[in-house]
Amino acid sequence: MVTTNLELATNEIITLTDAEKEHVKIIGDTYKKLSDLICTQCGYCEPCEQEVNIKQSLKQLIHWDVYKWDMAKRYYNMIGKSPMFPGKNATACTECGECEEKCPQGIPIIEKLKEAHEKLAIKE
Ligand code: SF4
Ligand code: SF4
């Protein structure tokens, strides 16, 4: 979708100024960068044999990275402690790699889980 929109925006029929074209390019690059992060919550990567709650961990990582939402830390730390957040947090990952093979987005889940724990775990 980003590629199509960029093609449309740079089409000669649509007259954009150089500044506007540059602006469109910057927006496109930003979206491309962010799209590496985007977990669609499809759930194909689960279940994890170690019961890691992958979806919830990545969801809260996005909430933190994109929106700097304070509740992201709170929700990540509720994994395994509330029926609303079942399973285990990222520390239970044994890096078996099974989830990564199943993710249609090609998300480096193991690396993202580590990142989620680093950024979101509340040290007690
Ligand atoms: S790599 Fe980690 S999160 Fe993924 S299936 Fe294996 S143990 Fe679970
Ligand atoms: S399969 Fe990939 S996109 Fe789907 S929930 Fe798992 S990490 Fe997210």
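This is a predicted model: local features need pLDDT of at least 70, side-chain atom pairs count only at pLDDT 80 or more; totals for chains, interfaces and linings use all residues.

Visitor: Which residues come nearest to ligand 2?

Guide: There are 13 residues around ligand 2, and the nearest of them are Cys39, Cys42, Gly43, Cys45 and Cys103.

Visitor: And what kind of space does ligand 2 take?

Guide: The space taken by ligand 2 is the second largest cavity.

Visitor: Which residues surround ligand 1?

Guide: Four cysteines are among them: Cys48, Cys93, Cys96 and Cys99. The surroundings of ligand 1 also include Val52, Ile54, Ile110 and Leu113, along with Gln50, Thr94, Glu95 and Gly97.

Visitor: How does the shell around ligand 1 split by class?

Guide: Eight of its residues are nonpolar, three are polar and one is charged.

Visitor: Let me zoom out. How many helices and strands does the protein have?

Guide: Six helices and zero strands. Reading from the N terminus, the order is α-α-α-α-α-α.

Visitor: How much of the protein is buried?

Guide: Of its 124 residues, 29% count as buried. The accessible surface of the protein comes to about 8500 Å², and carbon and sulfur atoms account for 55% of that.

Visitor: Which residues does Ile109 touch?

Guide: Leaving out residues up to four places away in sequence, Ile109 touches Cys45, Ile54, Cys99, Glu100 and Cys103.

Visitor: What separates Ile109 and Ser57?

Guide: They are 52 residues apart along the chain, and their C-alpha atoms are separated by 9.9 Å.

Visitor: Who else is in helix 6?

Guide: Glu115 is one of its residues, and helix 6 covers residues 109-120. Glu115 is in contact with Leu61 and Asp65, if you set aside neighbours within four places in sequence.

Visitor: Why does Glu115 count as buried?

Guide: Because its relative accessibility is 18%, and buried means under 20%.

Visitor: New topic: which peptide bond is cis?

Guide: The one from Glu46 to Pro47 is cis, with omega near 5°. Pro47 is in the loop between helix 2 (18-35) and helix 3 (54-67).

Visitor: And why bring that up?

Guide: Because most peptide bonds are trans.

Visitor: What about phi at Glu51?

Guide: Glu51 has a positive phi of about 65°, although it is not a glycine. Glu51 is also in the loop between helix 2 and helix 3, and its relative accessible area of 46% makes it partly exposed.

Visitor: And what about phi at Lys68?

Guide: Lys68 is not a glycine, but its phi is positive too, about 50°. You'll find Lys68 in the loop between helix 3 and helix 4 (71-77).

Visitor: Is Lys68 buried or exposed?

Guide: Lys68 counts as exposed, because its relative accessibility is 51%.

Conventions. Residues are numbered from 1 along each chain as its sequence is written. Chains are lettered from A and ligands numbered from 1 in the order in which they are written. Side-chain values use heavy atoms; hydrogens and water are left out. A residue is near a molecule or strand if one of its heavy atoms lies within 4 Å of it. On a 1 Å grid over the protein atoms alone, a cavity is a set of points where a 1.4 Å probe fits but cannot get out, and a pocket is an open set with protein on both sides within 12 Å along at least five of seven lines; lining residues have an atom within 4 Å of a point. A molecule sits in a cavity or pocket if more than half of its atoms lie within 2 Å of its grid points. Ala, Val, Leu, Ile, Met, Phe, Trp, Tyr, Cys and Pro count as nonpolar, Asp, Glu, Lys and Arg as charged, and the others, Gly among them, as polar. Helices (H or I, at least four residues) and strands (E, at least two) are DSSP runs, numbered from the N terminus. Buried means under 20% relative accessible area, exposed over 50%, partly exposed in between (1.4 Å probe, protein chains only). Accessible areas come from the Shrake-Rupley method with a 1.4 Å probe; for residues, only the protein chains shown count as cover. Contact means heavy atoms within 4.5 Å.
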